[in-house]
Amino acid sequence: MLLGLGGCDSPVCVFADGCTSGPGGGGDDGGDPNSLGGRSAVFPGEGSIMRSGAPELLAVAPGSATANQAHPETPIFLEFSESLNPASLFDLQNQTSAFRVVDFTFQQDYPMAPPQLVGDGRVVVLLPLVSYREGGSYQVFFSADQRIADLNGQLIVDPSDQLLVEIFVDSSSVMDEPRLIYSYPPDGSFNNPDTSEIVIGFDRQMDDSTIDTNSFDVKVGGVTPAFNPQPMALTTFNGTTLVPVTQVYTWTPQQSGQVRPYGIDSDVVVRLSDTPNEIVSQDGDTLTPYETAFRTADFSLPDAVMKAAGSRPANGFGRADVFGSAPIVDVMLSAAAPAGTEADFFLFGRSPLDSTFVKSIVRTVPIPNGATTFSATSDQLQLFDALGDVQFADGTAQVAVQLRNGGARSSARRFDADPATSAIDAPIFDTTAPVFLGLGGSGAVTSELVGEVRDFAAFGRASEPIAYAFVDAGADGTNGGSLSDPPRIAFSTPSPEADEALFIAAPVAVGAVDPLGPGVSYEVTIYDEAYNAATLTAVGVFTQRGVVGPGGAPTGSTVDVRVFDALTLEPLDGALVLSHQESGGATSFVASATTVGGAASVAGAGGGSTVITVDASGYDLFTFHGVPRDSVDIMLQPTMAMSAEISGTVSALITAQLQTTDNVLQDTRALSPSRLSGLSGCGTINGSTGAECDFGPVLIRPGRLGGISSIGTRDSLTQADILTQGAPGFLLNFALAAPFAPVPAGGSTLGAVLDAGASLGFPPSSTAATLLSATSLSLGGVPGFGALAEDPKVTVEAAGTGLAGPLLVGAGLSFPQGGSNYAVFSAVPGVAAPGGSLETSGSIEPDVFVKLRSVDMSGNEVVARPRASSVGAVTAPMGVPTLLLPAPGGMSGGAAYNVVVQDTLLDAVGLAFGLYRVHLTDSTGRTWTLVGLDTDDAGGDILMSLPDIAAQGGTPLMGGQITAEVEAFGADLDRGEFLWTDLERSHELFSRAAAVTFTQN
């Protein structure tokens, strides 16, 4: 048995962009009569060889040069005039091949593995599933129903059932020494493309350990090339295991998917089995030294194919390109073009008649004699016909350029929007302008947009995903670039519930917007990936809700209070606003007012601290003790508000990157204190090459825009593994999708989709995982914190543009070092690293947070969350903010009382901002939230007041058992001007005490 069920080897995947059959596979008629082959094409790979005519069979081996004699293990090689569509060689559905091998003696089809491609996709390899009979004769035919096609969808012209070759398996050949029966490019050939993959075919299985760059010695111009890869055996699958086929070896001039040309007019020589570097068969016989040579053409493949200089965008063809007259494609050459050289532009895209059909057309452009660069216009490429109809439907496209001079041709260079990166950034074709449906999560806002997050990030809906947006905020600035050169948007994603897309634009840096000011005037223009601008723009005024400050001190002043529903951000009318004065622990009433249009003004305290309380029917109570400025927004939570939920899937192209990893997912709106959820129900997709896992339902805060990210890690690594393998061995996949539309209370979003792709991040940015600075977490002596329930959890979070909660962008591991100390390592994908695409597109704020979360056996939680740039050798959290009064298990002493919390945010930490938050919940489920700013350590513990609101018509909590939860935040914020969402997005320290109870009497 030579091999089991066939798969595809890496050269096939390289030259045909994967091993899937694809729509049509070159065997379906129809689709678009104007396609080059009239049948569905496949996108070419880098280094493909293409022709405008139909493919032809050029050579067969074993052949006359070896008297058609074969060993029982001999492969059959069929060389064609151009690269073929691998899916046209084998029908996966019916398990039928384009070739038949017949045992002449018994007149029966002989069992063969599915055909495979090597040699720039031009050479078909046929291998027997069972060794041939000695003394047998075998005939090779095209199958009666063969539909062999090139990459353009053109069918081979040879008649079906044509006898291609007859091979003879001589019994004496078993004793012969191994022979070389095939080489590509052919020995002695000239005018070969200077990126030709070298193929060597032996008549039997060879000892792989004897084949390396010494025994398989490649010389270009008599010199070993700078890039000299190891020769590789053809591989296939025998069920689930990758098995080498040691009769066939390839030497591929590629590195990281990029071709490495030999050079023009170069002699390439391959010497095999020279002493003392003999090649030996698996039977132990030595190959006689052999040399094969070929010569390249006097011109090379293009150096680069990209958009014309100054043509935007770099990766797409929009209306301005297709219907314009200026050059739209630039081609760079490595040397001056010889006289008579022409360029064949092979253009691939979806058919306007059938979007499942890949259409291919070819256009020829003459190259001036001696030119080193040349361009092509839309007219030369004929991207629209005489009726003005475009050649391709909107979607992924490809442009491959191949040079031709006389009978010689180069290989094809594919369009690459950014040749400076290793990944090839294919273009898109799009001549349909997006429709701007409107701003806001619902897309219904026309003139007034509100938000609750720092800065101004316009968000809304369009008819398709949006790639660019220019936001002109007048005197407040822009979000970068200009109307003709707008910045990329921060986020864009299709809506899972409608044939629309949501987007968040890159932000305008307005910070916190003065609630008493005129707001931020704006005009928003949106563009799709191909730079087609929406006909309509959005013009209006942006305001923020949830702002504290700016302004003067509240003492002896009037305090302007705005009250909003925390979920809908709508102003609340009829809310009772009370101001009190607290001094020395005693609280006295100052003034009251009722909101009109959500706003009310009350007098501040004459001395001491000003305490602002808001009470509204159907909502929880809120008190701000010691408001720092005379302007404050209060966000009220509906009492017993229902949460919302979301569920969906995460997929990856490579099964091992998802199914064998430790996966976590985080929604920026998550309710869970840990915020993380897992994946479940993983299964394979795309045959067995990919995987898909389910998530949810995840409980989320209703009424907010959301972002969801998933990250896969290998948590089984030891500390030594991390040090040796680094981030790539630990961080395996990353997926991010945003924004998701707000979900109403009690509602749900189904079918949310996250795609982890084939590797970390999204092209064209670098995808390499990066380790952040290591640190030591010290938990010894943290006030109020006991024995750990489990090792500290390590994640990396960022403040996402327009998103109220933190965005998961990395992960890490902690390793116990003894004495309550842990070594901590964390990593992010390249897109989230400094200078990565998430930062440069304005999707996340620079300088991510390394979150170290620890929970003790009692349920107390402490979090150190330093910025990546300031991670020190030792990191320590703040202490647990223990409730001191009312004493846990004790009595309150009435419905109005003071709450005292231990001050655990020490001055020595050096953070400018600290805030304590207490949630008191009665037996009916109604909550009274108290907040107070941190004070100097010398000021003692933190005091917050529950004033007597009943005397002014308010409704306090119900007497009886009260559950108290205390939280503390430390951040680098301005005490006199911040947003409530800054607490979640920007904190660097956080602690939460386990819930306790007392009795309100």
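Visitor: Which residues form one aromatic cluster?

Guide: This is a predicted model, in which local features need pLDDT of at least 70 and side-chain atom pairs count only at pLDDT 80 or more, while totals for chains, interfaces and linings use all residues. Residues are numbered from 1 along each chain as its sequence is written, and side-chain values use heavy atoms, with hydrogens and water left out. Rings of Phe, Tyr and Trp (for Trp the six-membered ring) pair if their centres lie within 6.5 Å, and planes under 30 degrees apart count as stacked, over 60 as edge-to-face and the rest as tilted. The one cluster in question is formed by Phe622, Phe624, Phe913, Phe978 and Trp980.

Visitor: How many aromatic pairs does the structure hold, and what is the geometry of the pair formed by Tyr110 and Tyr138?

Guide: The structure holds 25 aromatic pairs. One of them links distant parts of the chain, since Tyr110 lies in the loop between strand S7 (108-109) and strand S8 (116-118), whereas Tyr138 belongs to strand S10 (residues 137-142), 28 residues apart. Both tyrosines are buried, a term that means under 20% relative accessible area, against over 50% for exposed and partly exposed in between, with a 1.4 Å probe and protein chains only. With 5.1 Å centre to centre and 70° between the planes, the pair of Tyr110 and Tyr138 is edge-to-face.

Visitor: Why is the pair of Tyr527 and Tyr531 classed as it is?

Guide: Tyr527 and Tyr531 are both buried. Their ring centres are 5.7 Å apart and their planes stand at 40°, so the class of this pair is tilted.

Visitor: Which residue lies over the face of Phe849?

Guide: A charge sits over a ring if NZ of Lys or CZ of Arg is within 6 Å of the ring centre and within 35 degrees of the ring normal. One such case is Lys359, whose charged end sits over the ring of Phe392 at 5.9 Å from its centre. For Phe849, the residue over the face, at 4.1 Å from the ring centre, is Arg865.

Visitor: What strand order does the open sheet with antiparallel pairing have?

Guide: Helices (H or I, at least four residues) and strands (E, at least two) are DSSP runs numbered from the N terminus, and two strands pair if DSSP finds at least two bridges between them. Strand S48 (residues 662-667) and strand S52 (residues 706-713) pair in the antiparallel sense over six bridges, with Asp662 opposite Thr713 in S52. Strand S49 (676-678) and strand S53 (731-740) are the edge strands, each pairing on one side only. The order of the four strands is therefore S49-S48-S52-S53.

Visitor: At what angle does helix H5 run to S53?

Guide: Axes are lines fitted to C-alpha atoms, for helices over the stretch in contact (heavy atoms within 4.5 Å), and angles run from 0 to 180 degrees between N-to-C directions. Helix H5 (residues 719-730) lies across S52 and S53, and its angle to S53 is about 35°.

Visitor: Which cysteines does the disulfide join, and is Cys693 buried or exposed?

Guide: A disulfide is counted for a pair of cysteine sulfur atoms within 2.5 Å, and the structure holds one, joining Cys682 to Cys693 with S to S 1.9 Å. The pair links distant parts of the chain, with Cys682 in strand S50 (residues 680-685) and Cys693 in strand S51 (residues 690-700), eleven residues apart. The link is right-handed, with 110° about the S-S bond. Cys682, at 36% relative accessibility, counts as partly exposed, whereas Cys693, at 0%, counts as buried.
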